[in-house]
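Biologist: I'm new to this one. Could you walk me through how to read it, feature by feature?

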Amino acid sequence: MADNRAGFLADLPTDLYIDGKWVPAADGGRFDVLDPATGDLLVSVADGSVTDAGHAVDAAAAAAGEWAATAPRVRGEILRRAFELMTAQAEDLARLISLENGKALPDARGEVAYAAEFFRWYGEEAVRTTGTAVTAPSGANKILVLHQPVGICVLVTPWNFPAAMATRKIGPALAAGCTVVLKPASDTPLTALAMARILEAAGVPPGVVNVLPARRSGQVVSSMLHDPRVRKLSFTGSTEVGRTLLREAADMVVNTSMELGGNAPFIVFADADLEAALDGAMIAKMRNAGEACTAANRFYVESSVADEFSRRLAARLEALVVGPGTQESTQVGPLVNEESATKVADLVRSALDEGAQIITGGSRPDRMGFYFEPTVLVNVHPDAAILSEEIFGPVAPIVTFETEAEAIRQANGTEYGLVAYVYTRDLARGLRVSEALESGMVGLNRGLVSDPAAPFGGVKQSGIGREGGHSGVLDYLEPKYIAVQW
Ligand code: NAD
């Protein structure tokens, strides 16, 4: 497709996907999807309304009984086919992600492989949901525990991983026997619609997966959370919106899973293999141009190696090619929208006002689109906003520390607790520090933790529940206890 953007765009579905059909919004509304590399219009997409949300829940409700009763092996094989189709279409999907999100093609290709893997993993897990049967301690009866689908699920996803955040929810939900309505982020609805087409081709029956792009996300999601047929909300996005949705979900006591914001510390001890730490930093900081919940947001480097680490990190960042995500040579694409680029610029400016120094980058390049230069800041004040807020951009603020205890205290000094990174050659220290860090995940001598086979999620205000791994499917199942005598 790459050489023919107009043809490629014309071929994309841009309506709502409800009950296995492509339909316009009930009120005819549409919204624009922009190219982050230029700010130009890519295409417009149907803007789902509250009425459409009702139709999507109707469809999910109508399909629920049959899908729950479909043999796990059949559900698993449909997911497996979705994995195969995604893999076969990987290059087109990567280009689509790159086009609407802005991320560089290597990042988009990595996302497609990661996203498809959730279909493969949960295709395998579909036949492994277990129950138990034990004798009650009194000996009077048996305790039988089955796991049943939680019911209709509303899935709300962010723009930063438009494919993977959708498959990480759809995979386990379908494996568990649930039907779903997916509300993708308004900046990146095209990938979600492309996924609907793949799922349909894989054999997902009408109504099992419904995709509802909607600009009026607050109203649309709220209406579904107040529909008594909806039993589950799985949300990935900012902590701020997550808090609002937890309140909304409380009205009907909807089961919630929350994958929220992060503020990952990246700790480098003086005994670390610095080359390996730099390799890890490049992934943890620069994957997706820093637009990842797992992005290293704060670097804590032991003072004796801080100058060398900062200098070498700056040299690596300076060498990166910045450009449109869809251009083959690009290593760092634009940020997703104007608001993101402005936010990063504001955080850098305020860090400088508080005494930080730039050793590379520091501003928005003089070109069209929502770019920010790869940046390293040193001497960052411990109270600087850039250390307490998600930067979501290619900026690495570096702070020094003297002792292990100080590193842990600084790393834990945040309301977030998604992931942390630790580099040291001393394995005992690495494990001790990993245990002391208040985060759901730790990368120990590794700059990438995401793995479909591992439980992904955060503590504190970074979330509730885990996605991926064996436990991921449990979020979509309810234990049913039967006290039985025989
Ligand atoms: P966001 O919270 O602004 O939006 C996420 C989704 O919620 C989008 O679909 C959006 O349209 C929708 N939304 C926004 N306001 C809403 C409302 N009032 N009611 C219902 N839905 C609403 O987040 P974003 O900017 O799309 O994504 C970036 C954020 O996501 C970052 O904070 C990042 O850390 C987080 N994130 C977390 C994980 C994780 O696994 N923990 C993964 C990726 C991204």
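Modeller: Strand 5 and strand 6 form one, with six residues between them. In the turn, G139 has a positive phi of about 80°. Keep in mind that this is a predicted model.

Biologist: How many bridges join strand 5 to strand 6, and do they run parallel or antiparallel?

Modeller: Four bridges join strand 5 (residues 132–135) to strand 6 (residues 142–149), and the two run antiparallel. To follow the pairing, pick a residue and look across: T135 has K142 in strand 6 as its bridge partner.

Biologist: Which other strand is joined to strand 6?

Modeller: Strand 20 (residues 477–484), by eight bridges, and that pairing is antiparallel too. There, Q148 stands opposite E478.

Biologist: What joins strand 14 to strand 15?

Modeller: Three bridges do, and strand 14 runs antiparallel to strand 15 (residues 375–378). I358 is the residue opposite L377 in strand 15.

Biologist: How do I read a helix? Why do the ends of helix 7 sit 20 Å apart?

Modeller: Count 1.5 Å a residue: the 14 residues of helix 7 (residues 189–202) should span 20 Å, and the end C-alpha atoms are 20 Å apart, which agrees. As a general idea, an α-helix has 3.6 residues a turn, so residues three or four places apart point the same way.

Biologist: Is helix 7 mostly covered or mostly uncovered?

Modeller: Mostly covered, with eleven of its 14 residues buried. Among them are P189, L193, A196 and A202. Just after helix 7, G203 takes a positive phi of about 110°.

Biologist: And single residues? Is F118 buried or exposed?

Modeller: The cut-off for buried is under 20% relative accessible area. F118 has 1%, so F118 is buried. You'll find F118 in helix 5 (residues 105–125). Leaving out residues up to four places away in sequence, F118 touches A164, T167, R168, G171, P452 and G468.

Biologist: What about S257: buried or exposed?

Modeller: By that cut-off S257 is buried, with a relative accessible area of 4%. S257 belongs to strand 11 (residues 255–259). Beyond the residues up to four places away in sequence, S257 touches K232, L233, S234, F235, I464 and D475.

Biologist: Last, the ligand. Which residues come nearest?

Modeller: Of the 28 residues around the ligand, the nearest are T157, R168, S238, L260 and E390. For T157, a polar backbone atom is 2.7 Å from an oxygen atom of the ligand. For L260, a backbone N or O atom lies 2.8 Å from a nitrogen atom of the ligand. A185 has a backbone N or O atom 3.5 Å from an oxygen atom of the ligand.

Definitions and conventions:
Residues are numbered from 1 along each chain as its sequence is written. This is a predicted model: local features need pLDDT of at least 70, side-chain atom pairs count only at pLDDT 80 or more; totals for chains, interfaces and linings use all residues. Side-chain values use heavy atoms; hydrogens and water are left out. The expected span of a helix is 1.5 Å times one less than its number of residues. Buried means under 20% relative accessible area, exposed over 50%, partly exposed in between (1.4 Å probe, protein chains only). Two strands pair if DSSP finds at least two bridges between them. Contact means heavy atoms within 4.5 Å. A residue is near a molecule or strand if one of its heavy atoms lies within 4 Å of it. A polar contact is a pair of N or O atoms within 3.5 Å; within protein, one must be able to donate a hydrogen and the other to accept it, and residues adjacent in sequence count only if both atoms are side-chain atoms.
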